[in-house]
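Here is a short briefing to read alongside the structure. Take a moment to find your way around the chain, then follow the topics one by one.

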Amino acid sequence: MLIKDAIVKRLKNICADRNICYNELATRSGITPSTVYSLINDKRRDLSVITLKKLCDGLDMTITDFFDDNIFKQLDQEIQ
């Protein structure tokens, strides 16, 4: 799994666990809903660290807490 896919999966899992829809996440994070939906789009491969930090702020968690998950322990090589 690539890092972007892992980040999206982690965000989806957190939102599902907390019963937060993507529009609410956007509002809490101070970003537009279109930014969230664009981020979770499979075709988009890049991701801003600043946007991820805002999402973590909206989820009331640190970025360290966000990455403290087994999903990030076995990522595929990004360089191909």
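On one side of helix 4, Val 49 and Ile 50 are exposed, where exposed means over 50% relative accessible area, buried means under 20%, and partly exposed is in between (1.4 Å probe, protein chains only). Helices here are DSSP runs of H or I with at least four residues, numbered from the N terminus. This is a predicted model, in which local features need pLDDT of at least 70 and side-chain atom pairs count only at pLDDT 80 or more, while totals for chains, interfaces and linings use all residues. Residues are numbered from 1 along each chain as its sequence is written, and side-chain values use heavy atoms, with hydrogens and water left out.

**Helix 4**
- The buried residues of helix 4 (residues 49–58) are Thr 51, Leu 52, Leu 55, Cys 56 and Gly 58.
- Looking down the helix 4 axis, these buried residues fall within an arc of 160°, so they line one face of the helix; the arc is taken from the directions from the helix axis to the C-beta atoms.
- Their packing partners are helix 1 (3–18), helix 2 (22–29), helix 3 (33–40) and helix 5 (63–67), with contact meaning heavy atoms within 4.5 Å.
- After helix 4 comes Asp 60, which has a positive phi, near 55°.

**The nonpolar core**
- The largest nonpolar core has 21 residues, and Leu 11, Leu 25, Leu 55, Leu 59 and Phe 66 touch the most other members. Such a core is a set of buried Ala, Val, Leu, Ile, Met, Phe, Trp, Tyr and Cys residues joined through side-chain atoms within 4.5 Å.
- Helix 1, helix 2, helix 3 and helix 4 each give two or more residues to this core, and helix 1 gives the most, with six residues.
- Leaving aside residues up to four places away in sequence, Leu 59 touches Leu 11, Ile 14, Arg 18, Ile 20 and Leu 25.

**Aromatic rings**
- There are four aromatic pairs, counted when ring centres of Phe, Tyr and Trp (its six-membered ring) lie within 6.5 Å; planes under 30 degrees apart are stacked, over 60 edge-to-face, and the rest tilted.
- Tyr 22 and Tyr 37 pair edge-to-face, at 5.6 Å centre to centre with 90° between the planes.
- Tyr 22 lies in helix 2 and Tyr 37 in helix 3, so this pair ties together parts that are 15 residues apart in sequence.
- Ring pairs also link Phe 66, Phe 67 and Phe 72 into a cluster; Phe 66 and Phe 72 are both buried.
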